[in-house]
Amino acid sequence: MSPAMLYGAFAAYVVVGTLVAALARRGVTQEVESYFLANRRLGGLVSALSYTATTYSAFMMVGLAGLTYRGGVGALGFELVYLSGLSLVVFFGPRFWEVGRRWGLISPAELLAVRYDSRLLGAVVAATSVIFLIPYSSVQLTGIALLLDRMSGGAIPFGAGLLLATGVAVAWAWMGGLRSVAWTDAVQALVMLATALAITASVVGRLGGLGGMFARLQLEAPEWLAVPGNGYFTWQTFVGLSLPWFFFAISNPQVSQRLFAPRDLAAMRRMLMGFLIFGLVYTLISILWGFAGRLLLPGLPNPDLVTPTLLASPHVPPALALLALVGISAAAVSTINSILLTLSSMVARDLFRPLWPGADDRLQLAVGKGAILVIAGLALAFAWTQGGLIAILSVASSAGLLVTVPALIGAFYWPRGTAAGALASVVMGGVVVLATQWGNLRPLGLWPGVWGLAASCLAYVVVSLLTRPTEARARDFVAGLRQPA
């Protein structure tokens, strides 16, 4: 496919998205709550589409399809674990929403700082989020760059794709904060689903429909329809991949921050139901895409290339391939600009404000916007040098964020939890994850996320029992909702 066609499709996507972001920024003030949380006034439909676009990224149509290509149907079970983890939002969503309003919270790190009465804890959680979300941000950039590079036959080099994706994400996050991001997310979510449905229907149709495709799989690659099948999805691998995904809704701050933003609990319920429906459909599409790639493109050296290679092949009409480029780019950009916005709010509120207590909203916003540029630059640098499966890198990032889970659960359900315990759990768990992840260590065959969460839970319970909690604040959080749903 010619570079001109690819650049044209990407440019059209950017123009439409920029217009939406510009329209959405009207009414955004220089107040922190307005910029980072859209004044806590997002409706149910926009919240659902934005939550979906933020969650589902290049990981799905590139990473999950690649994981299916590599290991077979076990990838479906892994992703369904994530959907089951949304049950956590039923318990934590209303509580996030209530305490966010009561204490004027902007970020999940600030929630922990207030609950445990420790600014140091908030700063450590914010720094931990930055460390572990930069690789996940780079995954989104990599997904777009791989698509442009492979679909153009190398005429649009990998580096150029990275720069294009970074520029778009920064621009939309910068323009109007969460309101711009939420409205562009809503448009992008619809584009993601429509394009994914169209191209999957086309490719599966060429294989004789669902029946024909699975008949071929049964004949040519039967091990891809069983677990552990070809040997990839051992129980250790499955648990290592799935555990971070189960807690994704509360451990990943770019997602949990959205629980502060709906205008009421009814809007939050609509957000959750809309996401569940969208998520199930999008998951099945990504799995089918991976299976189709396995039949049509056997023997690829890198499973992450299955989507770019399939889109550049004669099996997909050029018009649908261009739509797919736009859809997958939308998925990736929506995730990274949400991450940029969340991390920049943490830098402004949880790292900068404690050092400068008198900083007003304008100064905090200036710091936050500057942080967007720095974090985007770090993600770009990481994407330029990283390697490995997109799915594995995504899970590795989420494994690092698992260390905040014990403190978050304890914040609402265990009044005996203390600031020292929460701080110890984040630090100890983070060290364990980093040591095992980057040292490529898997004691007993278990992945870093498993060991990190175990260390974090142990540290939280033991240190909390040895120290004294701030009982009044703990009772306020554990008491639960004070307003009717």
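Predicted model: local features only at pLDDT ≥ 70, side-chain atom pairs only at ≥ 80, totals over all residues.
Take Arg41 as a way in. Arg41 sits in the loop that runs from helix H2 (32-37) to helix H3 (44-55). Is Arg41 buried or exposed? Its relative accessible area is 53%, so Arg41 counts as exposed.

The phi of Ala38 is positive, about 50°, although Ala38 is not a glycine. Most residues other than glycine have a negative phi. Ala38 has a relative accessibility of 8%, so it counts as buried.

Next comes Arg40. Which residue does the side chain of Arg40 meet in a salt bridge? The partner is Glu33, with 2.9 Å from N to O. Side chains of opposite charge can pair when their charged atoms come close. The two partners differ in their cover. Arg40 is buried because its relative accessibility is 4%, under the 20% limit. Glu33 is partly exposed, with a relative accessible area of 29%.

Now step back to the whole chain. How many helices and strands does the protein chain have? There are 22 helices and zero strands. Along the principal axes, the C-alpha atoms fill a box of roughly 65 × 55 × 40 Å. Of the 485 residues, 60% are buried.

Return to the charged pairs. The structure holds five salt bridges, and the bridge between Arg40 and Glu33 was one example. Another joins Arg349 to Glu110, with the closest N and O atoms 2.9 Å apart. This pair links distant parts of the chain. Arg349 belongs to helix H16 (residues 318-352), Glu110 belongs to helix H7 (residues 108-115), and 239 residues separate them. Both Arg349 and Glu110 are buried. Arg353 joins in as well: Glu110, Arg349 and Arg353 are linked in a network of salt bridges.

Compare that with a local pair. Arg216 and Glu220 meet in a salt bridge of 3.0 Å, N to O. Where do Arg216 and Glu220 lie? Both are in helix H10 (residues 209-220). They are four residues apart, which is about one turn of the helix. Arg216 has 29% relative accessibility, so it counts as partly exposed. Glu220 is also partly exposed, with a relative accessible area of 44%.

Follow the chain on from H10. Pro228 is found in the loop between H10 and helix H11 (235-246). Val227 and Pro228 are joined by a cis peptide bond, with omega about 5°. Most peptide bonds are trans.

Asp117 is exposed, with a relative accessible area of 55%, whereas Ala38 is buried at 8%.

The surface also has a nonpolar patch. Which residues make the nonpolar surface patch? Val90, Phe91, Ile409 and Tyr413 make it, over about 360 Å². Helix H6 (87-103) and H19 each give two or more residues to this patch. Phe91 lies in helix H6. With a relative accessible area of 47%, Phe91 is partly exposed.

Leu402 has its place in the loop between helix H18 (390-401) and helix H19 (405-413). Is Leu402 buried or exposed? Its relative accessible area is 0%, so Leu402 is buried. Leu402 and Val433 are 31 residues apart along the chain, and their C-alpha atoms are separated by 9.3 Å.

Key: Residues numbered from 1 in each chain as written. Heavy atoms only, no water. Buried < 20%, exposed > 50% of the residue type's maximum accessible area, 1.4 Å probe, protein only. Salt bridge = Lys/Arg side-chain N within 4 Å of Asp/Glu carboxyl O. Patch = residues over 30% accessible without salt bridge, like charges linked within 9 Å, V, L, I, M, F, W, Y side chains within 5 Å. Areas by Shrake-Rupley, 256 points an atom, 1.4 Å probe, with all protein chains shown as cover.
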